[in-house]
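Open the model in your viewer and keep the sequence panel beside it. Each stop below says what to select and what is there.

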Amino acid sequence: MENDCIIQELKSLMNDNKQLVSLPAKYKKKLIAYYYLATKIEAGQRYTESDLNDVLNQWALFHDPATLRREMYNKHLLNRTNDCRYYWKEDEQLSLEEFISKYV
């Protein structure tokens with residue numbers, strides 16, 4: 001159900017394959033976009049920067065993985081090692097509602 005709400009919110013920014021074609025201008029929708037992209041990352045798996053870029057570029061067609069990585073890390077959707085060599089998503093994530101209320 002939560003994923004349906006995300007798709008509905010971002011529908012105007014997605015193609016038919018549910019890939020983001022642009023990053024929203026409004027802050028709350030940006031948060032929803034970051035959360036959506038985090039759902040495409042497998043929890044508990046460690047990703048190299050290159051591997052994470054591949055996942056992000058697959059789902060965000062505007063190809064700005066550096067910004068996405070940084071914002072997703074800053075919003076605690078991703079963790080990373082101190083040297084930024086590896087990224088991962090924790091098994092436990094806030095719900096979309098909790099995530100939005102934390103940052104708005």
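Select Arg46 and Tyr86. Arg46 lies over the face of Tyr86, 4.8 Å from the ring centre. A charge counts as sitting over a ring if NZ of Lys or CZ of Arg is within 6 Å of the ring centre and within 35 degrees of the ring normal. Now select Lys75 and Tyr103. Here the charged end of Lys75 sits over the ring of Tyr103, at 5.7 Å from its centre.

A word on the model before moving on. It is predicted: local features need pLDDT of at least 70, side-chain atom pairs count only at pLDDT 80 or more, and totals for chains, interfaces and linings use all residues. Residues are numbered from 1 along each chain as its sequence is written, and side-chain values use heavy atoms, leaving out hydrogens and water.

**The aromatic cluster**

Ring pairs link Tyr35, Phe99 and Tyr103 into a cluster. Rings of Phe, Tyr and Trp (its six-membered ring) pair if their centres lie within 6.5 Å; planes under 30 degrees apart are stacked, over 60 edge-to-face, and the rest tilted. The whole structure holds three aromatic pairs. One of them is Tyr35 with Phe99, a tilted pair at 5.5 Å centre to centre and 40° between the planes. This pair links distant parts of the chain: Tyr35 is in helix H2 (residues 27-38), Phe99 is in helix H5 (residues 96-103), and 64 residues separate them. Helices (H or I, at least four residues) and strands (E, at least two) are DSSP runs, numbered from the N terminus.

Are Tyr35 and Phe99 buried or exposed? Both are buried. Buried means under 20% relative accessible area, exposed over 50%, and partly exposed in between (1.4 Å probe, protein chains only).

Asn3 and Tyr35 are 32 residues apart in sequence and 9.9 Å apart in space, C-alpha to C-alpha. Asn3 is partly exposed, because its relative accessibility is 37%.

**Helix H3**

Select residues 49-59. Which residues of helix H3 are buried? They are Leu52, Asn53, Val55, Leu56 and Trp59.

Go to Lys18, in the loop between H1 and H2. Lys18 is not a glycine, yet has a positive phi of about 65°. Its relative accessible area is 40%, so Lys18 is partly exposed.

Then pick Cys84, in the loop between strand E2 (79-80) and E3. Cys84 also has a positive phi of about 65° without being a glycine. At 25% relative accessibility, Cys84 is partly exposed. Cys5 is partly exposed too, at 41%. How many disulfides does the structure hold? Zero, when a disulfide is a pair of cysteine sulfur atoms within 2.5 Å.

**Zoom out**

Show the whole chain as a cartoon. Count five helices and three strands. Along the sequence they run α-α-β-α-α-β-β-α. The C-alpha atoms fill a box of roughly 35 × 25 × 25 Å along the principal axes. Colour by burial to finish: buried residues make up 38% of the 104 residues.
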